[in-house]
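Q: I should like to learn how to read a protein structure, feature by feature. Could we work through one together?
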Amino acid sequence: MTVDRRGFVIRTGAGAAGLTIGLSGCEPGSGGSARSPVQDNWPTDPDALAAAYRDNIYTRLLGIRPHLPAHEHVSRLGGGRMDPEVIAAMAEANAFFVDMHELMAAAGARIAELVGAEAALVTSGGFSAMVLGAAGCLTGTDSERVHALPLPTWPRRECLIQTPHRFGYDRAYRDAGMTIVEAGTREEFRAQLSERTAMIAALATAERQTMFAPPAPVDWAPAPGPEVMAVREQIEIGREAGVPVLVDMASDLPTGVDLREFVDAGADLIVISGGKGIGGPQSSGILAGRADLIEAARLNASPNDAIGRGMKVGKEEIVGLVVALERYVARDVESWVAGWSEMARHIASQLADVPGLTAEVVTNTAGYEDVELTWDPEIIPLTTDEAKAGLMAGEPRLAYLMTVRTRLLREGEDALVVRSLRDLFARAAATS
């Protein structure tokens, strides 16, 4: 079976069809409320929540309907959610003006302290951090080279990546001006290292699953084999060769990796998304690592007139990210993640009596639990496309990726998810 980030796949076997609702055709959106999002009084009663989904800033201002986020943090589906304290900090930051160079330096110093790195830079998302990290490795602090990008004329401009660590977003390194050199085996990887290699790029997710996607049920995404180079192995090779290693761990927190894991392992640069597990603004990110490389990246970044000028981060987003990261570091991650699994088990139990439907609790590759739905097409005559369309046409709308994922759901929204799924499948069964 092939599953990708945009797929909507039928899982077959024993006469059952399976529901894998991907991104294709889903409208972007995010849960909203008629109440101020800064107030910590989001309703938990399902009927009050349903009313909020009918009447909110998106419906009133733009006439579009938000959806229940039974999916992973996905930018195309609205990203994540910020705590009221983060939003309040951003609102306060908006009331004042600061020198952006001073703010970037101070925020970078605080973030570096929290992640255990020498230095850090706030970026406009994980992709921006990849571009700026690559740019810094290309130019150093040479101002002429900074202004030459994305068309470097010097020999040291290659980015070495092992094939299993490739993914769609690594075009960020090309956007900075690098030429990607791909190596299939360890032997090829070492052979490709040369005086032209400016950076080694590694993907943390490649250590966990063999497809680039959010965490998936373990039987969908087998663990990588021994031919896949571990991130630490690449860090060691880079150290021996004097080549900086950038590790993209943008989507892996809190369950895939520890916040300080690859800094402690010796990575020269790490990339973290600010708007996923960290819980900061969706359009924020972190580049952290060696002080000299962060300084080089900073010269390439806004507000400087360089390749990153368009990757602007507002003062409010910078403050929001720092507050979110401080809250993340103080969080009891084990209890937090356990709550996701507990909600998944509750949802599955509430769907157990729907004729023809099987709601199975499955462990995903990040180690927490989702709900996988399969059904008997003789009882529930729905194609996967019809199920997808039906859920997105419902009231409220429901979107999810490969399984029912609970990490973005607030208290009370799980009841709406159950209500939407029961309604869809029960109505389909009644027409068979």
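Q: Against which helix do the buried residues of helix 3 pack?

A: This is a predicted model. In it, the buried residues of helix 3 pack against helix 12, which covers residues 315-330. The buried positions of helix 3 are Pro 84, Val 86, Ile 87, Ala 89, Met 90 and Ala 93.

Q: What is the average pLDDT of the chain?

A: The average is 89, and 91% of the residues score at least 70. Residues 1-39, however, have a pLDDT below 50, although this stretch has 120 contacts in the model beyond near neighbours in sequence. Where pLDDT is low, the predicted coordinates should not be read in detail.

Q: In what order do the 7 strands of the open sheet stand?

A: A general idea comes first. The strands of a sheet pair through backbone hydrogen bonds, in either a parallel or an antiparallel sense. Here the order is 3-9-8-7-6-4-5, and the pairing is mixed. Strand 3 (119-123) and strand 5 (179-183) stand at the edges; each has a single partner strand, so one side of each is left without a neighbour in the sheet. On average, neighbouring strands of this sheet are turned by 25 degrees against each other, direction ignored.

Q: In which sense do strand 8 and strand 9 pair, parallel or antiparallel?

A: Strand 8 and strand 9 pair in the antiparallel sense, over 5 bridges. Within this pairing, Ile 272 has Ile 286 of strand 9 as its bridge partner. Strand 7 (residues 245-248), by contrast, pairs with strand 8 in the parallel sense over 3 bridges. There, Asp 248 has Val 271 of strand 8 as its bridge partner. Another parallel pair is formed by strand 4 (residues 158-162) and strand 5, with 5 bridges. Gln 162 stands opposite Ala 183 of strand 5.

Q: How many residues of strand 8 are buried?

A: Strand 8 is mostly covered, with 5 of its 5 residues buried. In a regular strand the side chains alternate between the two faces of the sheet. In strand 8, Leu 269, Val 271 and Ser 273 lie on one side, while Ile 270 and Ile 272 lie on the other; all are buried, and both faces are covered.

Q: Which strands does helix 4 lie across?

A: Helix 4 (residues 100-115) lies across strand 3, strand 8 (269-273) and strand 9 (285-289), and runs at about 120 degrees to strand 3. Helix 11 (residues 291-300) also lies across strand 3, strand 8 and strand 9, but runs at about 30 degrees to strand 3.

Q: How far does helix 15 reach from its first C-alpha to its last?

A: Helix 15 (residues 413-430) has 18 residues and reaches 26 Å, close to the 26 Å expected at 1.5 Å a residue. Its buried residues include Leu 416, Val 417, Leu 421, Leu 424 and Phe 425.

Q: Is His 71 buried or exposed?

A: His 71 counts as buried because its relative accessibility is 1%, and the cut-off for buried is under 20%. His 71 is placed in the loop between strand 2 (67-69) and helix 3 (84-94). Setting aside residues up to four places away in sequence, His 71 touches Leu 77, Ala 399, Tyr 400, Leu 401, Arg 405 and Leu 408.

Q: With which side chain does the side chain of His 71 make a polar contact?

A: The partner is the side chain of His 67, at 3.0 Å. His 67 lies in strand 2 and is buried, with a relative accessible area of 1%. A polar atom of the His 67 side chain also lies 3.5 Å from the backbone oxygen of Leu 77.

Q: How does one read a residue such as Glu 236, and what is its relative accessible area?

A: Glu 236 has a relative accessible area of 35% and is therefore partly exposed. Glu 236 belongs to helix 9 (residues 231-241). Glu 236 and Ala 265 are 29 residues apart in sequence, and their C-alpha atoms are 8.9 Å apart in space.

Q: Which peptide bond joins Glu 395 and Pro 396, cis or trans?

A: Most peptide bonds are trans. The bond between Glu 395 and Pro 396 is cis, with omega about -5 degrees. Pro 396 is in the loop between helix 14 (384-392) and strand 12 (397-399). The peptide bond from Ser 302 to Pro 303 is also cis, with omega near 10 degrees. Pro 303 is found in the loop between helix 11 and helix 12.

Notes:
Residues are numbered from 1 along each chain as its sequence is written. This is a predicted model: local features need pLDDT of at least 70, side-chain atom pairs count only at pLDDT 80 or more; totals for chains, interfaces and linings use all residues. Side-chain values use heavy atoms; hydrogens and water are left out. Helices (H or I, at least four residues) and strands (E, at least two) are DSSP runs, numbered from the N terminus. Buried means under 20% relative accessible area, exposed over 50%, partly exposed in between (1.4 Å probe, protein chains only). A polar contact is a pair of N or O atoms within 3.5 Å; within protein, one must be able to donate a hydrogen and the other to accept it, and residues adjacent in sequence count only if both atoms are side-chain atoms. Contact means heavy atoms within 4.5 Å. pLDDT is the predictor's confidence in each residue, from 0 to 100. The expected span of a helix is 1.5 Å times one less than its number of residues. Two strands pair if DSSP finds at least two bridges between them. Axes are lines fitted to C-alpha atoms, for helices over the stretch in contact, and angles run from 0 to 180 degrees between N-to-C directions.
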